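Subject: Structure handover

Hello,

Here is the structure for your files. Please open it alongside this note.

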Amino acid sequence: MFFRQLFEPISSTYTYMLGCEETRQAILIDPVLPSWERDLSVIRGLGLKLAYSIDTHIHADHLTAAYKLKQEVGSKIAGPGLDQLPCTDIPLEEGTPFSMGSVQLDPLHTPGHTDNHFAYRLGDRLFTGDALLIDGCGRTDFQNGDAIALYNSISEKLFTLPGETLVYPAHDYSGRSVSSIAQEKCRNPRLGGKKTQAEFVAIMRGLKLEYPKFIDYAVPGNRECGVCPRDVPEELQQYCGLVGHSPQG
Ligand SMILES: [Fe+2]
């Protein structure tokens with residue numbers, strides 16, 4: 001399998017490229033709108049063709065590139081079926097593996113950051129989205145987030161995977177790229193070291209995070225699989241890859 005971890009600096013998002021050697025097809029997990037051309041050039045450079053984009057959830061901090069990539073190269077849009085987005089071509093559900101040639105992903109419903117959030121397992125790699133981050137986890141105060149649900153998702157579905165499973169998060173804000181289930185179970189400051197559900201809920205309640213600056217545009221835009229809303233203010237247009245241009249113009 002071909003594999004690349006790609007970084008998008010505006011929202012500090014990791015996009016993952018998975019390529020099948022036999023079919024020469026590629027998947028992008030969580031592609032970000034301003035980086036769509038970079039991602040396609042990486043795929044073309046490896047002699048592959050983008051077949052699918054797959055999102056882990058409806059993001060609040062960036063726009064997915066799913067719709068743009070479909071427009072450009074005809075890739076199909078996959079994502080959590082629970083979101084019931086009309087723009088999704090392939091709704092994913094837990095218990096039904098998603099296959100592209102020799103690449104097989106197991107979708108895992110991991111609610112808590114959002115109610116319909118999914119992680120995807122590929123053998124000994126786990127793409128955790130915003131459920132489990134390196135030394136952290138996604139926030140639980142928006143989009144039907146729920147700290148108890150996130151604790152249960154991580155402790156029952158992710159921490160029960162083999163310790164050597166590699167954790168590839170959707171974000172890192174400190175330059176870290178990969179971790180493991182064993183490492184997060186041992187030392188994640190929010191829920192590693194056998195922290196109880198009550199301790200985790202208290203930590204999440206005490207975070208006092210700022211209101212996400214792009215959420216009011218990202219969520220409606222991502223409900224259309226990554227359409228830049230018309231009313232994005234100028235200082236946020238970089239999230240649409242439109243700095244110096246008007247949205248959709
Ligand atoms: Fe998120």
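Predicted model: local features only at pLDDT ≥ 70, side-chain atom pairs only at ≥ 80, totals over all residues.

Residues are numbered from 1 along each chain as its sequence is written, and side-chain values use heavy atoms, with hydrogens and water left out.

**Disulfides**

A disulfide here is a pair of cysteine sulfur atoms within 2.5 Å. By that rule there are 2 disulfides. Cys 87 is bonded to Cys 225, with an S to S distance of 2.1 Å. Cys 87 sits in the loop between strand E5 (76–80) and strand E6 (90–92), and Cys 225 in the segment after helix H6 (215–222), so the bond ties together parts that are 138 residues apart in sequence. Helices (H or I, at least four residues) and strands (E, at least two) are DSSP runs, numbered from the N terminus. The link of Cys 87 and Cys 225 is right-handed, with 80° about the S-S bond. Cys 87 and Cys 225 are both buried. Buried means under 20% relative accessible area, exposed over 50%, and partly exposed in between (1.4 Å probe, protein chains only).

The other bond joins Cys 228 and Cys 240, with the sulfur atoms 2.1 Å apart. Both cysteines lie in the segment after H6, so this pair ties together parts that are 12 residues apart in sequence. The torsion about the S-S bond of Cys 228 and Cys 240 is about 80°, so this disulfide is right-handed. Cys 228 and Cys 240 are buried. With the bonded cysteines of the protein chain numbered in sequence order, the pairing reads 1-2, 3-4.

**Other cysteines**

Cys 20 is buried, at a relative accessible area of 0%. Cys 186 counts as exposed, at 57% relative accessibility.

**Pockets**

The search ran on a 1 Å grid over the protein atoms alone. A pocket is an open set of points where a 1.4 Å probe fits, with protein on both sides within 12 Å along at least five of seven lines; lining residues have an atom within 4 Å of a point. Grid points are joined across faces, edges and corners, and a volume is the space filled by probe spheres set on the points.

The largest pocket holds about 670 Å³. It is lined by 32 residues, with Asp 61, Asp 130, Arg 139, His 171 and Tyr 173 nearest its centre. That lining has 14 nonpolar, 9 polar and 9 charged residues. Ala, Val, Leu, Ile, Met, Phe, Trp, Tyr, Cys and Pro count as nonpolar, Asp, Glu, Lys and Arg as charged, and the others, Gly among them, as polar.

The second largest pocket has a volume of about 300 Å³. Of its 13 lining residues, Leu 33, Lys 68, Cys 228, Cys 240 and Leu 242 are closest to the centre. Helix H2 (residues 66–73) gives the largest share of this lining, 3 residues. By class, the second largest pocket is lined by 8 nonpolar, 4 polar and 1 charged residues.

**Sheet**

An open sheet of 6 strands runs in the order E7-E8-E9-E10-E13-E14, with mixed pairing. Two strands pair if DSSP finds at least two bridges between them. Strand E7 (98–100) and strand E14 (179–180) are the edges, each pairing on one side only. E7 and strand E8 (residues 103–109) run antiparallel, joined by 3 bridges. Phe 98 has Leu 105 as its bridge partner in E8.

Best wishes
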